[in-house]
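These are my notes on a single protein chain. I began with the arrangement of its domains and then turned to one residue.

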Amino acid sequence: MDKDLRLKLAVQKSGRLTDPSVDLLVRCGLKFSRGKDQLVGYGENMPLDLLFVRDDDIPDLVQEDVSDLGLVGLNVIEEKRLELAARGTAARFEVLRSLDFGRCRLSIAVPDGTLFTGPDWLRGKRIATTYPYLLAHYLAERKIEAEIVTLSGAVEIAPRLGRADAICDLVSTGSTLVANRLHEVETVLESHAVLIRTPVALPAVKNEWVERLLMRIDGVQQVKESKYIMLHAPRAALAEIRGLLPGSESPTIIPLDGHPDKVAIHAVCRENVFWETLESLKKAGASALLVLPVEKMLA
Ligand code: PRP
Ligand code: ZN
C-alpha cells in the first residue's frame, strides 16, 4: 500500500503511557513489528504504523501533521494549549477520545514537615516544575504571585538542592514523592490519556481506518467493565430480578423445558457484577448464576 495511505499514530517511547497505549492497540487487533531502531512499529494487519516518540513532542507532531494520531496525557496537551495561547495561537490538534488509562494528577508538593496552610502559603515561594504554563494558570486564578522555576526534568530533587521551596509535578502512585520526602498539598489538574488527531483532512481510506479504530477503542473500553450474566429465575420474580441486573438494557428471557414456572435470563451487564449483586439476585429467587467475561463488543 502507498506509504502515504498508512495511518501514523504517535505513542510515548518510554514512560507511564507506553505499555497501556500498546496494550490498547493490541486489544484493538493490531499486530506490529518494531524496526531495528525501535522508533517505528509497523502494523502487519492494519495500515497503521506507530511512532515511538517523547510524549512532550506528541501534540506538535500531530498538529503539524507529521503524525495523524497521537496517544498522550491530558497534562501534556493542556500545557501545550496554554503555551500556544500565550504566544497568541490556538492548538490545532483535535481530541477524539478520553481514555481510561494513564490516570494521574499534576500536583503541588512540599517537603515533609512543611506547615502548609493553603494555597496562600505559596506566595513569594519558588516552585519547580516542567509544567510552567499550567502552574502559572493555577497561580493566576488564585491571584498568587510566586516564582516559577522551569526545569526540564528531575523536579523532585529541586527542594533538596535548595533550588525551590515546592514542586509542581505529576503524581501517579506517589512513590516518587515518598522517596524524595515530599507530600502532595494541592491538585492543579486531573489527567488521563487522550487520543488526538491532526487538523488536516485525511484521504478517505485513512479516515475509514480512523473510524474503525475509534469503534474498536470504544468496544475495548466498554468490555473492560462488562460481564455476561446467566441465571434461572422464577417467573414470579422476573421484574424484581431484572431490576437488580446492573446496567443491562434488554435481557434475553428463555423458557426452561419442563419448568413452566421458571425462565433463564441472559444479559450483558455494562457495569461490574459484584458478589453483593449476586447475593441479592439469589435472595430474589435466582439460581444457577453464572458470570462470564466479555471479550469483544460492537454496538
Ligand atoms: C512522572 C513524574 C514523576 C513520576 C511520578 O513522570 O515526573 O517522576 O511520573 O510517578 P509516581 O507517582 O508513580 O512515582 P512521567 O513518567 O510522566 O515521565 P515524564 O514526565 O518524563 O514524561
Ligand atoms: Zn514527558
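I looked up the distance between domain 2 and domain 3, and their C-alpha centres lie 50 Å apart. The model is predicted, and I read this distance accordingly.

I then noted the bounds in the domain assignment. Domain 1 is given as two segments, 3–101 and 193–222. Domain 2 covers 104–191, and domain 3 covers 227–293.

Next I checked the overall dimensions. The C-alpha atoms fill a box of roughly 80 × 60 × 35 Å along the principal axes. I found a radius of gyration of 25 Å for the protein chain, whereas a compact globule of 299 residues would have one near 19 Å.

For the fold, I recorded eight helices and 16 strands. Of the contacts with a separation of 6 or more, 68% join residues 24 or more positions apart.

I turned to burial and surface. Buried residues make up 45% of the 299 residues. The accessible surface comes to about 15800 Å², and carbon and sulfur atoms hold 52% of that area.

I also looked at the charges. The chain has 38 positive and 42 negative charges, and their mean positions are 2 Å apart.

Finally I examined Val 95, which is placed in strand 6, residues 94–98. Leaving out residues up to four places away in sequence, I found Val 95 touching Ile 77, Arg 81, Val 194, Leu 195 and Ile 196. Glu 190 is 95 residues from Val 95 along the chain, and their C-alpha atoms are separated by 16 Å.

Definitions and conventions. Residues numbered from 1 in each chain as written. Chains lettered and ligands numbered in written order. Predicted model: local features only at pLDDT ≥ 70, side-chain atom pairs only at ≥ 80, totals over all residues. Heavy atoms only, no water. Helix = DSSP H or I, 4+ residues; strand = E, 2+ residues; numbered from the N terminus. Rg over C-alpha atoms; globule rule 2.2 N^0.38 Å. Buried < 20%, exposed > 50% of the residue type's maximum accessible area, 1.4 Å probe, protein only. Contact = heavy atoms within 4.5 Å. Areas by Shrake-Rupley, 256 points an atom, 1.4 Å probe, with all protein chains shown as cover. Lys, Arg positive; Asp, Glu negative; His and termini not counted. Charge placed at Lys NZ, Arg CZ, Asp CG, Glu CD. Domains from an automatic or database assignment.
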